[in-house]
Amino acid sequence: MIQGSQALVVRDLRKKYPGTEALKGIDLTLPKGEICGLLGPNGSGKSTLLKCVIGLLQADSGTIEIFGQKPSRHTKAQIAFVPEIDNLYRWMTVQETIDFISTFYEDWEPQRVPDLLDFMRLEPEKRVSSLSKGMRARLKLILTLARTAPLVLLDEPFSGIDPSSRDRIVEGIVREFKSEEQTMIISTHAVGDTEQLFDSVVFLDEGTVNLQGNAEDLRVRYRKSINDLFKEVFA
Amino acid sequence: MSKFLRLLRKDLEASRWPLGILSGLILLFMLFVRYKISAGWALESAIITVALPLMFFVPWFVWQSFQTLRSEWKEDTVYTLLVLPVPGWYITLAKLVGLFVEYTILLAVTLGGASLILGRVFLEFTPTAPIAWIIRNGLIVYLISLGILASVVIFIQLAFVVSKMVGRFQGLVALWVLILTNWLVGQMGMLLEPVFRWVPPIPLERVFRLDQVGLELQRFDYHLAPKIGTWLGTILLFILTAWLMERYVEIND
């Protein structure tokens, strides 16, 4: 059961790796129904934060609440996570990958799959190993968008992929995101033309929150686009 | 249950190529032995040679126990596996059962291939043992070997998972965990032996019905009491691995 009015609450989150402090006391509150841009250069702690939320990393201190619950097996069922890394089984076909993932989630909507495959221009019988990086990124997005997961975490979904795949992914997110049921965090270090997606943004720099707020408010306050603001903050 | 079966199916599908190639090689080996027999090899030599693939099973399954987990990390699919909303033991048990199936298939290929290709040799070698006796005892030995395989897999899984919880010297850590857990489980067996002394020993000569093949052993007991503690210890290690896998293993590039 989904509790609370906030999708995600992070308080004083800290995480150290040998020789470096990746998160230095992050505080973050994300209301339900928003698409939040988690923005920052490489090494700013974006992936670490998302991995702590999904449970792939354990924070050294601080708390995370996902719909009022601590990260656990039960919150994993409420989160659709797309890592930056290629996490697909290369020996599976597109259809086998979809069948495999669909088994584990009750919010999986099989009727959306044919339409998503068509929209993302992927052939079900193709082997994952034969897909380009952009196609694999599109497949990963299908695995996310075929669910109605209350919290969606996309870690660098546009990183290193061709412009046409990027456009498809942006279009797919706009088309399939259900603001009344879902909340989404998209981490990226290349804001560019994706800033139209964000309701709110969080600027992360060297493990600390540099700036955060409603995207439109920030545009008005600073009289700049989020992209220009990003360039200025991380110049 | 369907989630567990899906994980098991995935593990079995992932191993179909090595399994197919290995089965083919075993059958080729049998054909080679058959050819050598027709060229004049002694039957005893042929029987010993046919058993060679069985000896190869030991290093193969030690490697496979490690490899089934290692490949998930190496190919980054662990990112998929560890975000699935399933208990950790689904993942480790699916890999364990997958190895049981692999072992059973390879054993069937070896014994089935040997029976088909070298059937006559077997019949000449075991003229006094009834087929029912061979099948019955074969099944008992098979079940015992599954138990041994399970404990090997459990020890290796724990060593691998713990090694992934440290940043450096992972191989060394895995080796130390293997040594330490073996010692701990042995100690547990010794400590709990008095508690389970009431468990009667198993008379192996009766279990294997050795009298049916003319072997007259007076008493050949297998004492369970010192073993029960080690079995319990191994089960605890399995639970520990699953718990670490679900709660404490960290994945980072």
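Glu176(A) forms a salt bridge with Arg175(A), and their closest N and O atoms are 3.0 Å apart. By salt bridge I mean a side-chain nitrogen of Lys or Arg within 4 Å of a carboxyl oxygen of Asp or Glu. Glu176(A) counts as buried because its relative accessibility is 10%, while Arg175(A), at 40%, counts as partly exposed. The cut-offs are under 20% relative accessible area for buried, over 50% for exposed, and partly exposed in between, with a 1.4 Å probe and protein chains only.

Before going on, the conventions. This is a predicted model, in which local features need pLDDT of at least 70, side-chain atom pairs count only at pLDDT 80 or more, and totals for chains, interfaces and linings use all residues. Residues are numbered from 1 along each chain as its sequence is written, chains are lettered from A and ligands numbered from 1 in the order in which they are written, and side-chain values use heavy atoms, with hydrogens and water left out.

On confidence, the model scores ipTM 0.91 and pTM 0.91. Chain B has a mean pLDDT of 89, with 95% of its residues at 70 or more; pLDDT is the predictor's confidence in each residue, from 0 to 100.

Back to salt bridges. The search of the whole structure finds 21 of them over all chains. One of them joins the side chains of Glu156(A) and Lys46(A), at 3.4 Å from N to O. This pair links distant parts of the chain, 110 residues apart: Glu156(A) sits in the loop between β6 (151-155) and α6 (163-176) of chain A, and Lys46(A) in helix α1 of chain A. Helices (H or I, at least four residues) and strands (E, at least two) are DSSP runs, numbered from the N terminus. Glu156(A) is buried because its relative accessibility is 6%, and Lys46(A) is buried too, at 4%.

What about the rest of that helix? In α1 (residues 46-54) of chain A, eight of the nine residues are buried, among them Leu49(A), Cys52(A) and Ile54(A). Just after α1(A), Gly55(A) takes a positive phi of about 100°.

In chain B, the side chains of Asp11(B) and Lys95(B) meet in a salt bridge, 2.9 Å from N to O. They are 84 residues apart, with Asp11(B) in helix α1 (residues 2-14) and Lys95(B) in helix α6 (residues 88-125) of chain B. Asp11(B) is buried at 13% relative accessible area, and Lys95(B) is buried at 2%.

Now the sheet in chain A. Three strands make an open sheet in the order β2-β1-β4, with antiparallel pairing. Its edge strands are β2 and β4 (61-66), each pairing on one side only. Two strands pair if DSSP finds at least two bridges between them. Strands β1 (residues 6-17) and β2 (residues 20-31) of chain A pair over nine bridges, and Lys16(A) stands opposite Glu21(A). These two strands form a hairpin with two residues between them, and Gly19(A) in the turn has a positive phi of about 85°.

Last, helix α2 (residues 16-38) of chain B holds Leu31(B). At 47% relative accessibility, Leu31(B) counts as partly exposed.
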